[in-house]
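Q: Can you walk me through this model? I'll ask as I go.

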Amino acid sequence: MKSYEVNFDGLVGPTHNYGGLSYGNVASQSNSQQSSNPKEAALQGLAKMKALMDMGFQQGVLAPQERPDVAALRRLGFGGTDAEVIERAAKEAMPLLVASCSASSMWVANAATVSPSADTADGRVHFTAANLNCKYHRSIEHPTTSRVLGAMFADQKHFAHHAALPAVAQFGDEGAANHTRFCREYGEAGVEFFVFGRSAFDTRYPAPQKYPARQTLEASQAVARLHGLKDDGVVYAQQNPSVIDQGVFHNDVIAVGNGEVLFYHEDAFLETEQMLAELQSKLAKVGGKFQSICVPRSAVTVEDAVRSYLFNSQLLSRADGSMLLIVPEECRGNERVWQYLQSLTSSGGLIREVKVFDLKQSMQNGGGPACLRLRVALNETELAAVNPGVIMTAPLYGTLTEWVNKHYRDRMTENDLADPQLLLECRTALDELTQILKLGAVYPFQIN
Ligand code: SUG
């Protein structure tokens, strides 16, 4: 049976703004308080989806969340009508209003961890929503994420959904941003590679000194258990704490994998040789031939990687067996990175082509091409069981572009978040969106 990697991209929500909310994420911190352009952000994301679809890749779309999150503000003690809740939060606790307005659900690589049916004990595709509990503004995403994923992958014969792990730092889970799957064909058993930043219970593992390590070993192990993965089908590796301290807040800022290939920076991991050997031997057991491409620090520094997001790229398999790398425009702006990419594609290796996308609006909050997509490997039968409303087509692209142009503002600052009119605009837009994507009622304002 045919199988595919389907990329579900997060649609940028109408409140996209630069709140400076993510300590440890260099772009989020350095662009704090700049004015944003939500309309441009959403159109940039849609253009990437359309381009990948036009290149023949399977492409889907994942809906944004309800923001401002009035229900979250109510849980923090702000009362009255919805407009009063926003007004009081703006007056008494602006940082909480900003957090409750973040459009951070656009980075759907953090929405969940997904294990394809060929890897799991019950032969279903498993999803665990990420608790994202390192940052308050992201910790409020998972209940809606679960409802949206449930509406997209509703058929229980093929899809199993797990609630987010316990919401404490010991089980900090950032989803697929720290998870990669290696395989020969998407529909065949593979090796799932979990990268963690620290251990919550085992003091033998070193931890970063400056910035938080968001993913724990214990969270990754719990997800592997929930998904029914075999020991032989899993490899755990620790991120190098010193790169976390340089701004690598997720592993997908320093490594990307697809098929049988891992593309990574020399400084990305601890115990790299041992890790590569384990990946090689476990993939060999399922008939695969592991290959790795190491980018030396002499060619590209960790700082270059963090600024350009070279590794936050999409590594895609083409029909002829070669690979294509989707990178953000910032890679072209960095001389060393661009030179490296030129030599990579002309070396006759697996990665033959690089395509550049302008995702500046998302990049300024630390979200590149890979952050914007959740990969779901599906066989033909499973793909047919996905809610067809969320699969990208030329007409859907047209409808979503019109929808963005009709509802989104082209400028957003902190002051705009306090405007009660914004809440109405967002709810009107999202209500229409659930009809376009045929999701049913998934937002708090639709179900409470
Ligand atoms: O969690 N930025 C996100 C970026 C997530 C990128 N995702 C992956 N690497 N997969 C984060 O730090 C910034 C929001 C703000 O500051 O307004 C933010 O949440």
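Q: How much accessible surface does the protein have, and what share belongs to carbon and sulfur atoms?
A: About 16700 Å², with 49% belonging to carbon and sulfur atoms. The areas come from the Shrake-Rupley method with a 1.4 Å probe, and for residues only the protein chains shown count as cover.

Q: What sort of model is it, and which cut-offs apply?
A: This is a predicted model: local features need pLDDT of at least 70, side-chain atom pairs count only at pLDDT 80 or more, and totals for chains, interfaces and linings use all residues. Residues are numbered from 1 along each chain as its sequence is written, and side-chain values use heavy atoms, with hydrogens and water left out.

Q: How many of the residues are buried?
A: Buried residues make up 60% of the 448. Buried means under 20% relative accessible area, exposed over 50%, partly exposed in between (1.4 Å probe, protein chains only).

Q: Which residues have the most contacts inside the largest nonpolar core?
A: Phe-8, Phe-193, Leu-262, Phe-263, Phe-269, Leu-400 and Leu-437, in a core of 103 residues. Helix α2 (residues 38-54) gives the most to this core, with six residues. A second, separate core of 16 residues includes Met-94, Leu-97, Cys-101 and Cys-426. A nonpolar core here is a set of buried Ala, Val, Leu, Ile, Met, Phe, Trp, Tyr and Cys residues joined through side-chain atoms within 4.5 Å.

Q: New topic. Why is helix α8 largely enclosed?
A: Because seven of the 10 residues of α8 (residues 217-226) are buried. Among them are Leu-217, Glu-218 and Val-223. Helices (H or I, at least four residues) and strands (E, at least two) are DSSP runs, numbered from the N terminus.

Q: What do the buried residues of α8 pack against?
A: They pack against β3 (112-115), β4 (125-129), β7 (191-196) and β8 (234-238). Contact means heavy atoms within 4.5 Å.

Q: And what comes just after α8?
A: Gly-228, with a positive phi of about 70 degrees.

Q: Last one: where is Ala-277?
A: In helix α10 (residues 272-285). Ala-277 is partly exposed, with a relative accessible area of 45%.
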